[in-house]
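Hi,

Here is the structure I promised to pass on. Have a look at it first, and then read my notes below.

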Amino acid sequence: MTSHPSAIPLHHAARRGLLIVMTGASGVGKGTLREQWLTGQDVFYSTSWTTREARPGERDGVDYVFVTPAAFEAKVMADGFLEHASFVGNSYGTPIEPIEAALSRGQDVVLEIEVEGAMQVKARMGDEAILVFIMPPSLTELRRRLEGRATETPERIEKRLARAREEIREAHEFRFVVVNDDLDRAVEGLRAIQTAERARQIPENEWTPEDRAARLRADTLRSYALSDADLQRVVES
Ligand SMILES: Nc1nc2c(ncn2[C@@H]2O[C@H](COP(=O)(O)OP(=O)(O)O)[C@@H](O)[C@H]2O)c(=O)[nH]1
Ligand SMILES: Nc1ncnc2c1ncn2[C@@H]1O[C@H](COP(=O)(O)OP(=O)(O)O)[C@@H](O)[C@H]1O
């Protein structure tokens, strides 16, 4: 086949990064999964702004940008967030600018946010947003993880669990659902989703065997595979 620069198919032009949004209940293991999944990858992880106090060991500008309610509100007014939500008494938001810059230069972007914010990203970005809901094996296990992490008072744990029940019922709103039971298996699921979504940007006849395997695996993680009864079982267990 002869080729001419003007005939180069679009997919050979610079690729836009993927926008992957991890969401799910507090304590389900989003942070733990993200760390394993992204280690060694050139992915832009969006550092959120929050009005909550830093926990011991958390670093300003790394784990979060810790701000006053007034500073947060000023950024809301300036339209500086892709999404923002309040969660158990504090505000959290995703600064928009660095995300658009990363996507434009072809870098994948990962957000780790609660469910209401994830719905805002879905409404604003449409199909471009790849929404992944992280599901606990059961509510009992979620409680165990929150208690085991020992970062919250018992009262705050109860608030997080109440919120989790509502969030789990909304799992169908997201494209993929990954159960975080065995950690390695869940990380492998996230990798498959990323590979499969990248492959969607090129014609199928150019897919590698790895792309095909990832696509098959990702298909098993589609949220429509879950019934309401499945979700109810998690909430009640
Ligand atoms: N909407 C939204 N949620 C966020 C953002 N950053 C963090 N969150 C979520 O807010 C919730 C509370 O976060 P945090 O106080 O760090 O508690 P933890 O997730 O239990 O460690 C979690 O579900 C986070 O994923 C953000 O920028 N926007
Ligand atoms: N697959 C898993 N099996 C058992 N414990 C886990 C698993 N994933 C995470 N954890 C533990 O659960 C707790 C909450 O995880 P974390 O990543 O802080 O959750 P999130 O970021 O969703 O709030 C941590 O103590 C973490 O070590």
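Let's start with a term you will need: a crossing of two helices is called left-handed if the near helix is turned anticlockwise from the far one by less than a right angle, and right-handed if clockwise. Also keep in mind that this is a predicted model.

Now try the term out. Is the crossing of α7 and α8 left-handed or right-handed? It's left-handed. Helix α7 covers residues 183-199 and helix α8 covers residues 209-219; they pack at an angle of about 115°, and their axes are 8 Å apart. On the α7 side, the contact is made by Gly189, Ala192, Ile193, Thr195, Ala196 and Ala199. From α8 come Glu210, Asp211, Ala214, Arg215, Arg217 and Ala218. Sorted by class, this contact has six nonpolar, two polar and four charged residues.

Next, the sheets. A quick reminder: strands of a sheet pair through backbone hydrogen bonds, either parallel or antiparallel.

One open sheet has five strands, in the order β2-β7-β1-β8-β9, with parallel pairing. Its edge strands are β2 (44-45) and β9 (176-179), and each of these pairs on one side only. Look at β1 (residues 19-24) and β7 (residues 109-112): four bridges join them, and they run parallel. Which residue of β7 does Met22 stand opposite? That's Glu112. Helix α1 (residues 30-38) lies across β1, β2, β7 and β8 (129-135), and runs at about 165° to β7.

Another open sheet is made of four strands in the order β4-β3-β6-β5, and here the pairing is mixed. At the edges you'll find β4 (65-66) and β5, each pairing on one side only. Strands β5 and β6 run antiparallel and are joined by six bridges; Glu83, for instance, has Thr94 in β6 as its bridge partner. Helix α2 (residues 69-77) lies across β3 (49-50), β5 and β6, at about 45° to β6.

Last, the ligand. How many residues surround ligand 1? There are 15, and the closest are Ser26, Ser48, Tyr92, Ile113 and Gly117. By class, the shell divides into four nonpolar, six polar and five charged residues.

Cheers

How values were computed:
Residues are numbered from 1 along each chain as its sequence is written. Chains are lettered from A and ligands numbered from 1 in the order in which they are written. This is a predicted model: local features need pLDDT of at least 70, side-chain atom pairs count only at pLDDT 80 or more; totals for chains, interfaces and linings use all residues. A residue is near a molecule or strand if its C-beta atom, placed from the backbone, lies within 6 Å of it. Ala, Val, Leu, Ile, Met, Phe, Trp, Tyr, Cys and Pro count as nonpolar, Asp, Glu, Lys and Arg as charged, and the others, Gly among them, as polar. Axes are lines fitted to C-alpha atoms, for helices over the stretch in contact, and angles run from 0 to 180 degrees between N-to-C directions. Helices (H or I, at least four residues) and strands (E, at least two) are DSSP runs, numbered from the N terminus. Two residues are in contact if their C-beta atoms, placed from the backbone, lie within 7 Å. Two strands pair if DSSP finds at least two bridges between them.
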